[in-house]
Amino acid sequence: MKIHFPQAGHQRFCQYPAVPLLQQLGVVLFLLVLTVSCSRDRANMSGSQPMIPVLAASVVSKTIPVEIAVIGNVEAYSTVSVKAQVDGALTRVHFKEGQDIRQKDLLFTIDPRPFDAALKQVEANLAKDTALLRQFEANLARDQAQAKNAEVQARRYADLYTEGVVARELSDQFHTSAEALDATLRADRAAIDNANAAIQADKAARENALLQLAYCSISSPMDGRTGNLIVHQGNVVKANDLPLVTINQVQPIYVTFTVPEQNLPDIKRAMAVRTLEVKAVVPKDEGAPERGRLTFLDNTVDTATGTIRLKGTFTNQNKRLWPGQFVNVVLILSTRPNAVVVPSRAVQTGQSGQFVFVIKPDSTVEIRPVVIGSSIQGEIIIERGLNPGEAVVTDGQLRLVPGAKVTVKKGLDDSEAKGL
């Protein structure tokens with residue numbers, strides 16, 4: 001016996017040989033149920049397609065900053081290695097490691113007693129030489145009076161000799177005495193000059209002794225933050241030996257970064273117009289980026305890497321930037337008005353390049369090839385392929401094919417999908 005079945009696209013149905021009646025009825029019943037099921041499948045396929053839920057955003061036109069994003073390194077604005085300038089025992093440390101300090105704050109004290117004794121000795125020598133100077137000045141005044149009197153006597157006896165009143169020997173005697181007193185005056189003046197020179201040397205020695213004594217108290221040369229204490233209290237230090245501590249100035253602070261040399265012309269053009277803004281984003285820090293200004297452009301390109309070094313200066317008011325820290329740096333060159341922008345996650349990459357799923361007015365989607373520009377803070381500039389006001393899919397692209405119907409879910413992109 002042959003049983004014929006409708007051709008419903010199920011080619012596995014074929015001829016069956018004659019079987020007992022009960023088995024034949026079972027087979028007929030099974031095939032009827034299968035036929036009904038296939039008919040329902042064809043009805044569903046010929047009916048309306050299911051709506052695929054997606055997230056979407058509007059294509060917008062707005063002013064976008066033109067930026068260069070790189071990795072940078074934070075550097076202290078100034079670094080000082082504090083060293084002793086005199087030999088001696090370190091008697092006291094006036095700060096704690098890692099402490100913020102101000103300029104002229106006292107840091108270390110070196111035993112001042114040897115230098116105080118040296119100062120007193122120099123001051124004693126100065127007092128002695130000052131007394132000698134006064135003595136020499138008194139001698140000069142006395143000898144000047146005697147010399148003046150001897151000169152008067154010499155002239156008088158010279159006149160008397162001329163008149164024939166006194167002998168020549170007596171006139172010559174007074175003349176010789178006057179000349180001797182003149183020599184004494186010259187010696188007195190030389191002694192005074194020597195005493196003045198000794199006093200000047202004593203004063204210089206006193207200044208040096210005062211300076212050496214001042215070096216026993218080491219103060220901070222700037223505002224900053226102390227690092228690890230290298231030499232502890234009680235140790236004997238030597239002049240210009242190992243640093244006692246290192247101080248970093250962190251307010252303001254530098255962020256150093258490098259950019260490819262291809263960006264150099266754009267940077268130079270922008271710098272000629274205005275001071276460029278630099279943003280530093282601290283990884284895993286939810287706060288707003290730190291903002292500074294570009295203050296340094298190196299005078300040469302590194303030929304080994306093809307990059308050029310730049311520095312941004314930041315006030316670092318909240319001390320979020322720390323020396324040695326790596327940060328994400330954004331150098332803002334200019335702004336681009338009327339740029340067509342979509343969320344970065346809307347752009348997909350296929351064998352033919354970048355594309356997006358555009359939602360048409362009838363709720364179906366089409367694939368639209370696009371030419372992309374730079375990406376900025378989760379958004380990407382579309383150079384060609386989209387128009388402002390269109391809607392693009394930002395989530396759920398894996399389930400889509402051209403012509404598929406979609407429904408925009410309520411979710412993360414509600415704010416972006418206004419007007420959809």
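Helices (H or I, at least four residues) and strands (E, at least two) are DSSP runs, numbered from the N terminus. The model is predicted, with local features needing pLDDT of at least 70 and side-chain atom pairs counting only at pLDDT 80 or more, while totals for chains, interfaces and linings use all residues. Residues are numbered from 1 along each chain as its sequence is written, and side-chain values use heavy atoms, leaving out hydrogens and water.

**Helix α4**
- L264, I267 and A270 are buried in helix α4, which spans residues 264-273; buried means under 20% relative accessible area, exposed over 50%, and partly exposed in between (1.4 Å probe, protein chains only).
- These buried residues line one face of α4, because they fall within an arc of 130° seen down the helix axis, the arc being that of the directions from the axis to the C-beta atoms.
- K268, R269, A272 and V273 are exposed on the other side of α4.

**Backbone geometry**
- Most residues other than glycine have a negative phi, and most peptide bonds are trans.
- A cis peptide bond, with omega about 0°, joins Q251 and P252; P252 lies in strand β9 (residues 245-260).
- N240, not a glycine, has a positive phi of about 55°; N240 is in the loop between β8 (236-237) and β9 and counts as exposed at 59% relative accessibility.
- N338, not a glycine, has a positive phi of about 55°; N338 belongs to strand β13 (residues 326-343) and counts as exposed at 63% relative accessibility.
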